[in-house]
Amino acid sequence: MNGQSTLADLVIAFFDLVEAEGRELRRQIGRAGVGLGLVAVAALLLLAALITAGWAVYAWLQPLLGAPLAALSVSLLLLVSAGLMLWLAVRRLQ
């Protein structure tokens, strides 16, 4: 009888552990989801800031260079910035 109760206790302890780990996994997934949501909102705000900054540089350059050259200058500036960010990201991932 003693061997059976030990086996039963072991099985119960195992399922208690599985249940606790499941609760912890659910909690961690919820935290990760909230974190990813905040990152998405931050990315959208960063995009809006970059668009606004690009427009401001264009408005500043337009009287000096004319509309086509100001647009080209701003687009090249943003392209170089994006390339630099991509290069930094690739370096970080290696």
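Thanks for coming, everyone. Some housekeeping before the tour. Residues are numbered from 1 along each chain as its sequence is written, and side-chain values use heavy atoms, with hydrogens and water left out. Because this is a predicted model, local features need pLDDT of at least 70 and side-chain atom pairs count only at pLDDT 80 or more, while totals for chains, interfaces and linings use all residues.

Let's begin with the overall picture. The protein has two helices and zero strands; these are DSSP runs numbered from the N terminus, with helices being H or I of at least four residues and strands E of at least two. Helix H1 covers residues 2-65, and helix H2 covers 67-93.

How does the radius of gyration compare with that of a compact globule? For 94 residues such a globule would come out near 12 Å, whereas this protein has 28 Å. That radius is taken over C-alpha atoms, and the globule rule is 2.2 Å times the number of residues to the power 0.38. Along the principal axes, the C-alpha atoms fill a box of roughly 95 × 25 × 10 Å.

Now the surface. Buried residues make up 4% of the 94, where buried means under 20% relative accessible area, exposed over 50%, and partly exposed in between, using a 1.4 Å probe and protein chains only. The accessible surface is about 8000 Å², and 75% of it belongs to carbon and sulfur atoms. Those areas come from the Shrake-Rupley method with a 1.4 Å probe; for residues, only the protein chains shown count as cover.

On to charges. Side chains of opposite charge can pair when their charged atoms come close. Which pairs do so here? The whole structure holds two salt bridges, meaning a side-chain nitrogen of Lys or Arg within 4 Å of a carboxyl oxygen of Asp or Glu.

One joins Glu19 to Arg23, with the closest N and O atoms 3.1 Å apart. These two sit four residues apart in helix H1, so about one helical turn separates them. Glu19 is partly exposed at 48% relative accessibility, and Arg23 is partly exposed at 48%.

The other links Glu24 and Arg27, where the closest N and O atoms are 2.9 Å apart. Both lie in H1, three residues apart, about one turn of the helix. Glu24 is partly exposed at 32%, and Arg27 is partly exposed at 43%.

My last stop is for anyone who likes greasy surfaces. Trp60, Leu64, Leu65, Leu69, Leu72, Leu76 and Leu79 make a nonpolar patch with about 750 Å² of accessible area together. H1 and H2 are the elements that each give two or more residues to this patch. Patch members need over 30% relative accessible area and no salt bridge; like charges are joined within 9 Å, and nonpolar side chains (Val, Leu, Ile, Met, Phe, Trp, Tyr) within 5 Å.

Which helix gives the largest share of the nonpolar patch? It is H2, with four residues. Leu76 is in H2 and is partly exposed at 45% relative accessibility.

Finally, Gln94 sits in the segment after H2 and is exposed at 78%. From Gln94 to Ile51 is 43 residues in sequence and 30 Å in space, C-alpha to C-alpha.
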